[in-house]
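Please look over the sequence and the structure before reading on.

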Amino acid sequence: MPALHPPERSQPAAVAVAAAPWRTLLSGDRGRLIAGMLVTEFTFAAQVLLMAAVMPAVLRDLGGVALYGWAFAASAVGALVAMPVANRLADRHGPRPLVVGGAAISILGLVVCALAPAMAVLVGGRLLVGAGSGAELTVALGAVARGIPTATRARVFTLLTAMWILPGLVGPPVGGILAGTVGWRWAFVAPIPLMLLAPLLMLPGLRATASPGASSAAIPLVPALLVAAAASALLTALTVSSWLSVPLAVAGVPVLVLALRRILPPGTLTASTAVGATIAMLFLINLGYFGGDVFVPLVLTAIGGRSVTEASLVVTLASLGWVAAAAWQSRVVMRRSARSLVRGGALLIALGCGGVIPAVVGATWSLPYLAWTVASVGMGLAYQTLWLNSSDAAAPGQEGDAIAAALLAETIALSLGPGLAGGVLAVAHSATGTLTTGLVGVFSLAMALALGGALLATRLPKAPGAPTREVVGLAPASPPGA
């Protein structure tokens with residue numbers, strides 16, 4: 001389901017006035033650039049969904065339950081480091097070396113994952129995959145932003161969104177089949193041919209649309225690196241039992257808060273402005289949803305006794321629920337208030353998280369399939385609405401800064417969510433020797449975070465189609481990190 005590249009998901013609802021015909025959009029060097037981005041997005045989606053399906057088998061073979069959450073969080077941490085660095089390097093040297101280098105790093109990461117003898121090595125491979133993918137797509141999206149008119153760009157974002165549909169349908173079953181036959185390691189090898197193809201398609205278009213020295217709105221480098229370091233320290237403190245845990249946690253939390261204050265718009269940490277409240281809600285629902293999402297297949301295999309192939313079905317159902325809800329939201333967004341859509345979506349996420357808990361403690365094994373589909377429907381409603389409001393809430397001329405800040409907040413949530421949940425699981429497993437208590441804690445935490453997002457929804461407009469800034473007093477927005 002959509003994870004690391006939200007601007008594509010937020011823009012299709014924009015009005016496409018005088019958009020280029022499809023045949024024009026996909027022709028020439030620009031068409032090859034867009035085709036390469038579509039292949040990259042498709043490959044990224046396949047990686048995410050294949051890994052979600054096979055991770056119970058990885059845990060069975062490699063052990064390392066304390067690092068289970070880290071295996072998912074590492075990709076987002078890598079992307080968080082790569083995005084500002086790639087922006088700076090692309091401005092200096094042009095985007096083409098970054099695309100080639102990003103693809104090479106991603107492929108290296110997948111090879112490391114496929115050959116990993118231990119969970120810690122697999123985590124390192126996932127860090128490389130996230131760094132490479134983050135660099136590759138950051139500079140490609142920047143080239144699209146500079147070289148394609150706004151009205152036409154909406155169609156590009158629509159195509160990028162569609163790249164999640166097929167992997168959502170077939171990726172998890174394929175991952176389950178691979179894990180049950182030739183082995184889970186092949187799930188990391190399978191995307192490599194497409195990752196080789198993507199830069200070959202993009203390079204001619206990058207030459208035509210961007211050049212060294214072109215300035216872009218870069219994510220602030222030092223605060224972003226501090227966020228990645230602080231998040232890593234905090235997650236390590238939660239997952240590694242040693243004398244270093246306490247000082248890592250004590251150092252990580254204040255550094256994380258101070259760095260976030262530098263990056264995110266004013267009022268985000270306190271939800272006291274329109275932009276801040278919207279980004280805070282986006283952060284909370286991503287933190288809760290993805291903190292639970294990566295552990296649902298583990299519930300089905302380790303507690304319910306299902307095979308990896310059977311458990312992979314929950315990922316497919318979740319993808320379908322998300323896509324269906326997002327499609328419905330795009331049709332009613334101008335007739336229903338942002339407050340009702342976000343609050344309803346957040347409550348469905350909380351209901352789904354709570355619905356998994358009975359299965360953990362011994363109820364019917366089929367319950368997680370229904371519960372997580374409900375949570376994913378809620379995510380489809382709330383997520384897309386919040387992305388639209390992140391730009392609606394901004395002062396005129398500051399919409400791009402709001403979207404960049406929302407992207408960064410989501411990337412942070414995608415690292416902290418699975419990581420924090422994995423820490424809960426690791427601590428409980430260390431104390432009790434079983435997964436049950438830890439998994440109850442994981443989904444209780446996810447439910448609490450989703451309920452927090454529902455409470456904050458009162459900050460959004462209650463009138464259909466009303467701009468957010470008319471409801472919440474909006475201080476003049478500052479660029480992220482200013």
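Predicted model: local features only at pLDDT ≥ 70, side-chain atom pairs only at ≥ 80, totals over all residues.

Ser312 lies in helix H15, which covers residues 308-332. The relative accessibility of Ser312 is 2%. Buried means under 20%, so Ser312 counts as buried.

Apart from neighbours within four places in sequence, Ser312 is in contact with Ala53, Pro172, Pro173 and Gly176. Among these, Pro172, Pro173 and Gly176 belong to the part of helix H8 that meets H15.

## Packing of H8 and H15

Helix H8 spans residues 165-180, and its axis is 8 Å apart from that of H15. The two helices pack at an angle of about 170°. Angles over 145 degrees count as roughly antiparallel, and H8 and H15 are therefore roughly antiparallel to each other.

On the H8 side, the residues in this contact are Gly168, Leu169, Pro172, Pro173, Gly176, Ile177 and Ala179. They meet Val308, Thr309, Ser312, Val315, Thr316, Ser319 and Leu320 in H15. By class, the contact of H8 with H15 has eight nonpolar and six polar residues, and no charged residues.

## The second largest cavity

The structure holds six cavities of 30 Å³ or more. The second largest cavity has a volume of about 70 Å³. Its lining consists of Val39, Thr40, Thr43, Phe44, Gln47, Ala103, Ser133, Glu136, Leu194, Met195 and Ala198.

Helices H3 (28-62), H6 (119-147) and H10 (192-209) each give two or more residues to this lining. H3 gives the most, with five residues. By class, the lining of the second largest cavity has six nonpolar, four polar and one charged residues.

Technical notes. Residues numbered from 1 in each chain as written. Heavy atoms only, no water. Helix = DSSP H or I, 4+ residues; strand = E, 2+ residues; numbered from the N terminus. Buried < 20%, exposed > 50% of the residue type's maximum accessible area, 1.4 Å probe, protein only. Contact = heavy atoms within 4.5 Å. Axes fitted to C-alpha atoms, helices over the stretch in contact; angles between N-to-C directions. Parallel < 35°, antiparallel > 145°, perpendicular 65-115°, else oblique. Nonpolar A, V, L, I, M, F, W, Y, C, P; charged D, E, K, R; others polar. 1 Å grid on protein atoms, 1.4 Å probe; cavity = no way out; pocket = protein on both sides within 12 Å on 5 of 7 lines; lining within 4 Å. Points joined across faces, edges and corners; volume = space filled by probe spheres on them.
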